[in-house]
Amino acid sequence: MTLLLLEALGALVLLVFIVWWTMFSGRKGGELPEEVERQKLEKPSGKDKPEDR
């Protein structure tokens with residue numbers, strides 16, 4: 001019975017670690033400010049324009 005509890009505790013710790021790792025392993029400085037993200041979305045990529053031939 002003790003072994004089952006230890007195994008369940010180990011699985012819970014592993015689950016919490018995986019969730020923590022995925023939440024906080026992003027950008028070093030955090031998320032980009034909204035203005036920078038908005039400018040990146042509005043920036044034309046040039047792929048939509050037809051080529052002049």
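1. Accessible areas here follow the Shrake-Rupley method with a 1.4 Å probe, and for residues only the protein chains shown count as cover. On that basis the chain exposes about 5,800 Å², with carbon and sulfur atoms supplying 64% of it.

2. A word on the source: this is a predicted model, where local features need pLDDT of at least 70, side-chain atom pairs count only at pLDDT 80 or more, and totals for chains, interfaces and linings use all residues. Residues are numbered from 1 along each chain as its sequence is written, and side-chain values use heavy atoms, leaving out hydrogens and water.

3. The chain has 2 helices and 0 strands (DSSP runs numbered from the N terminus: H or I of at least four residues, E of at least two). Of its 53 residues, 0% count as buried (under 20% relative accessible area; exposed is over 50%, partly exposed in between).

4. Now the aromatics: the whole structure holds 3 aromatic pairs (Phe, Tyr or Trp rings, the six-membered one for Trp, with centres within 6.5 Å; stacked under 30 degrees, edge-to-face over 60, the rest tilted). One of them, F17 with W21, is tilted, at 6.0 Å centre to centre and 40 degrees between the planes. Both residues sit in helix α1 (residues 2-24), 4 residues apart.

Note on methods
Buried < 20%, exposed > 50% of the residue type's maximum accessible area, 1.4 Å probe, protein only.
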